[in-house]
Amino acid sequence: MVVYPLSEEQTILKELCRQIAEEKIKPVSQECDKEERFPQEVMKTLAQSDLFSLCIPEEYGGMGAGLLDLCIATEEISRIDGGIAASYAASFLGMFPILLFGTEDQKKKYLPPLASGEKLAAFALTEPEAGSDASNVKTVAKKFGSDYVINGTKHFITNGGDADIYTVIAVTDKTKGPRGMSAFIVEKDTEGFSFGKKEEKLGIRASSTRELIFDDVKVSKDNLLGKKEGIGFIATMKTFDQSRPGVAAQAVGIAQGSLELAVKYAHSRVQFGKAISSFQGIQWMLADMATKVEAARSLVYSVASMVDRGVKGVGGASACAKLFASDVAMEVTTNAVQIFGGYGYMRDYPVEKFMRDAKITQIYEGTNQIQKNIIALELIKKYGK
């Protein structure tokens, strides 16, 4: 409907991702969801198509593309399967802190294998007492000589167990509060680093969500992000500024996919002797759904473009995109199920999966209530003087 001013390269990227989603992801989507199976074969296809290299500079093996490109890719994959899109996008979530705050040596070591898709990344912040309250981390990293020893537990970590490189937030000085939090790059095979429960989830079931256990995990000072203590909290916040538009793009893709299913079904479903798409009540539902999807997409693309242009202070805008797009995804997928009627409630039809997948976009990387707090604080800062 709305035509967006995408570059030629971005248009090609969108078409490529749609083709991969239709030809490679759709055939395995229901199976991965039912079996809660990590889509390893799809990740290989995405890697072979250079889709893990999008936001990584050319000097580290990437394409040097921007956040908007990543949002386009995430949206197109989510249009078919939000869980597989979560597995893909979560590697960028784990990568962003290294790109934003890593030393040159850290970037040279870790970004090339992430760009090639040879390795996947994950971001390890969340704990039983540190979710929306990102400053309440209990995992501790103590310095011993030239090493740090990490102890603690993380949970609800996307790509946990399947990722190879983990950016881990831990406390190095509890007397400093958030300023005492640091970030460490931990590799999967590090001694003492293990994985606990794999969560059974309502939605995005193709995405692995696991507990991470750190039992006297020794890492070199070279793995301290930026080789500087105390930047863990700011690295987290800056990472979310970059990643929340990606969650919003995931939400837009899920909403778009369910909208298309609803339109096709309404056009083929006959009641009272005519297609239900001829009923004004259904037409108005579809029109509202489409309008909100386009509004959400416009907001996501605009915020991602702000990031790509280097605009400072994008936290409020990123929160707006995540808040609005995820609420739209939940509303649109719920209405899509309503249009399907009883069939929408059955797993024989894919639309119920879209509703299950949509819900998490309102929760992870900061609940929508947290997003409202961020937006309100930005407003007060700007206009409350």
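Helices, at least four residues long, are DSSP runs of H or I, numbered from the N terminus. With that in hand, let's walk through this predicted model.

Helix H5 covers residues 104–116, and Asp105 sits in it. Together with Glu58, Glu59 and Glu104, Asp105 forms a negative surface patch. Is Asp105 buried or exposed? Its relative accessibility is 56%, so Asp105 counts as exposed, the cut-off being over 50%.

**A buried leucine in a loop**

Next comes Leu225, which lies in the loop that links strand S7 (209–220) to helix H6 (232–268). Leu225 counts as buried because its relative accessibility is 0%. Which residues does Leu225 touch, once neighbours within four places in sequence are set aside? Its contacts are Pro97, Ile98, Phe101, Gly102, Gln106, Ala183, Phe184, Ile185, Ile231 and Ala235. Gly203 is 22 residues away from Leu225 along the chain, and 32 Å separates their C-alpha atoms.

**Helix H9 under cover**

Helix H9 takes in residues 351–359 and is mostly covered, with 7 of its 9 residues buried. Those buried residues are Val351, Glu352, Lys353, Phe354, Arg356, Asp357 and Ala358. So the list holds charged side chains: Lys and Arg count as positive, Asp and Glu as negative. What do the buried residues of H9 pack against? Their partners are helix H1 (8–35), helix H3 (67–78), helix H4 (82–101), H6 and helix H8 (315–340).

Most residues other than glycine have a negative phi. Two residues here are worth a look with that in mind, Glu36 and Asn159, each with a positive value in a residue other than glycine.

| Residue | Phi | Relative accessibility |
|---|---|---|
| Glu36 | near 50° | 16% |
| Asn159 | near 75° | 0% |

Where in the chain do they sit? Glu36 belongs to the loop between H1 and helix H2 (40–48), while Asn159 belongs to the loop between strand S3 (147–158) and strand S4 (165–171). Glu36 has a relative accessibility of 16% and therefore counts as buried, since the limit is under 20%. Asn159 is buried too, because its relative accessible area is 0%.

Terms used
Residues numbered from 1 in each chain as written. Predicted model: local features only at pLDDT ≥ 70, side-chain atom pairs only at ≥ 80, totals over all residues. Heavy atoms only, no water. Patch = residues over 30% accessible without salt bridge, like charges linked within 9 Å, V, L, I, M, F, W, Y side chains within 5 Å. Areas by Shrake-Rupley, 256 points an atom, 1.4 Å probe, with all protein chains shown as cover. Salt bridge = Lys/Arg side-chain N within 4 Å of Asp/Glu carboxyl O. Charge placed at Lys NZ, Arg CZ, Asp CG, Glu CD. Helix = DSSP H or I, 4+ residues; strand = E, 2+ residues; numbered from the N terminus. Buried < 20%, exposed > 50% of the residue type's maximum accessible area, 1.4 Å probe, protein only. Contact = heavy atoms within 4.5 Å.
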